[in-house]
Amino acid sequence: MAYAITQSCCTDAACVSACPVNCIHPTPDEPDFAATDMLHVDPAACIDCGACADACPVDAVLPVDQLSGPDAVYAERNRRYFADAPPDNSWASPRFPRSLPASVPAPRIAVVGTGPAAGYTVQALLRCTDAEISLIDRHPVPGGLIRFGVAPDHPATKRIGDSFAMTYRHPRVRMHLGVEVGRTISHADLLGHHHAVVYATGADGTRTLDIPGEDLPGSIAATDFLAWCNGLSRMPPNAIDLSAQRAVVVGTGNVALDAARLLLADREELATTDIPEHALAALRGSTVSEVVLLGRRGPAHAAYTPSEFLGLTQRTDLRTVLDGHAEVADEIATADQRSPAALLRELPVEGVDWTAPPPADKRLVLRFHSTPIAACGGNRVHTLRVSDRDTGARDIPADLLIRSIGSRGLPIPGLPFDPHTGVIPHRAGRVSPGTYVVGWAKRGATGGIGANRACATETVDTLLDDAVAGRLHTPDGSARAFARLVRHASRQGHRG
Ligand code: NAP
């Protein structure tokens with residue numbers, strides 16, 4: 001009996017390092033690793049030791065005979081990954097973690113942000129160096145996207161926060177919460193008190209559709225909806241009105257699936273999660289019975305990952321259909337097995353009558369080749385007008401519009417910023433000697449939680465190169481002086 005990896009896989013590859021027979025693939029050294037949404041256990045080589053399950057930070061690895069419900073498909077999904085090409089289970093050359101030579105004095109390093117990119121960075125710094133770390137976040141609670149971005153019905157994914165939280169109590173880590181760089185303190189303040197500063201500030205800006213009516217009440221960003229479902233204080237309990245029958249979610253990425261899944265969630269299952277009372281009560285009272293997921297391109301360009309998509313379509317309390325025409329059906333039928341379109345093959349194709357009210361039973365409609373051109377309504381959105389490849393303009397009646405079209409980084413005063421890509425320009429994580437960047441602020445808003453592990457390793461390696469070469473700052477102020485500065489600045493309000 002082997003183990004299998006299931007839906008909540010975060011791809012941070014902690015299991016790969018733990019496996020004594022190297023039977024988990026793709027490994028970070030293999031070409032498929034960058035594009036995969038999950039790792040797989042080779043059942044023919046697995047020796048059933050369970051080391052991978054112990055190492056997994058999100059409890060995604062389970063013995064095959066314990067797979068049940070929606071997880072049952074993962075025995076076959078793990079097996080099928082190896083069906084065409086038997087894996088090479090031999091070991092690659094070993095790679096040893098970098099460390100600082102004893103001749104380099106322990107640096108003081110500020111890490112700005114407490115999301116997954118910061119979490120992996122702090123872990124790497126604590127493992128490889130004797131650095132003292134100031135961990136800074138503008139929110140009064142740590143966790144970043146794990147706390148406020150991961151959907152509350154994905155508790156296994158949120159569990160990775162536990163491994164990062166262990167570093168908060170480390171004797172060489174000091175947390176400063178409710179402190180915003182560029183408002184409470186400045187980049188210069190950080191450089192004045194640390195040898196190096198690492199920005200792990202993510203991508204907090206929302207992209208805009210740039211269509212008329214986008215700002216009408218009833219039109220919200222998916223990231224705001226998820227933040228509200230996670231109790232972020234800037235989203236008050238009454239911020240979102242769910243008295244709609246049909247919601248349109250624009251975009252086909254994983255965040256769009258999160259929003260659609262939560263809107264159509266089984267309320268009693270949601271009640272078992274840590275969703276805040278106000279969001280649970282609003283979802284319980286919600287009248288939304290239909291969600292339309294809108295892709296501006298065809299199904300081959302859908303942005304969801306297979307495991308997230310299967311998690312939604314396997315639900316038995318929800319009918320998922322394709323609103324399609326012959327062309328979409330053809331695209332799906334002829335799609336390569338690895339294309340996101342291939343996952344749609346089992347779905348019924350239905351011509352949805354948009355003039356009729358949505359059905360009373362929960363339905364998810366996937367509609368492709370439809371670009372939003374206007375949100376219409378008086379006091380609130382009541383229709384989304386789309387430009388449809390087949391029929392020209394078409395009106396989709398909907399009282400809730402959720403824009404899930406990706407995120408982008410925001411500039412930080414005192415740091416360079418590329419307004420086109422929304423990232424902080426860098427080379428292998430170095431913005432300039434002493435200033436570094438990691439995660440979505442470095443790569444743009446792509447990739448799941450685990451992608452930050454390799455990203456953090458690269459940035460920390462660069463920082464260590466600079467430390468060894470003597471290129472880091474020599475701070476004027478001590479750690480104690482920094483704590484005093486932060487306390488004072490927090491009391492005073494804002495600094496530039
Ligand atoms: P995303 O994957 O980049 O998807 C953005 C979607 O918005 C795409 O379908 C895109 O279509 C569409 N879009 C962009 N501009 C548009 C416009 N003007 N009009 C209409 N549609 C537009 O972004 P995301 O969903 O925010 O996810 C960000 C990253 O986080 C992804 O890598 C995702 O996998 C990851 N994530 C992972 C998980 C998980 O693993 N469970 C959960 C959440 C997020 P085009 O392709 O045509 O541009």
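I took contact to mean heavy atoms within 4.5 Å, and helices (H or I, at least four residues) and strands (E, at least two) as DSSP runs numbered from the N terminus. The model is a predicted one, where local features need pLDDT of at least 70, side-chain atom pairs count only at pLDDT 80 or more, and totals for chains, interfaces and linings use all residues. Residues are numbered from 1 along each chain as its sequence is written, and side-chain values use heavy atoms, with hydrogens and water left out.

Entry on α7.
I looked up the buried residues (under 20% relative accessible area, with a 1.4 Å probe and protein chains only) of helix α7, residues 160-168, and found Ile160, Gly161, Phe164, Ala165, Thr167 and Tyr168. They lie on the same side of α7, because they cover an arc of only 145° around the axis, the arc being that of the directions from the helix axis to the C-beta atoms. Their cover includes α4, β6 (132-137), α5 (144-148), α6 (155-158) and β7 (173-177).

Entry on α4 and α16.
I then followed α4 (residues 116-128) to helix α16 (residues 451-468), where the two pack at an angle of about 50° with their axes 8 Å apart, axes being lines fitted to C-alpha atoms over the stretch in contact and angles running from 0 to 180 degrees between N-to-C directions. Pro116, Ala117, Tyr120, Thr121, Ala124, Leu125 and Cys128 in α4 meet Asn452, Arg453, Ala456, Val460 and Leu464 in α16.

Entry on alanine 467.
Also in α16 I noted alanine 467, which counts as buried at 10% relative accessibility. Leaving aside neighbours within four places in sequence, alanine 467 is in contact with Leu100, Val104 and Leu472.

Definitions and conventions
Buried < 20%, exposed > 50% of the residue type's maximum accessible area, 1.4 Å probe, protein only.
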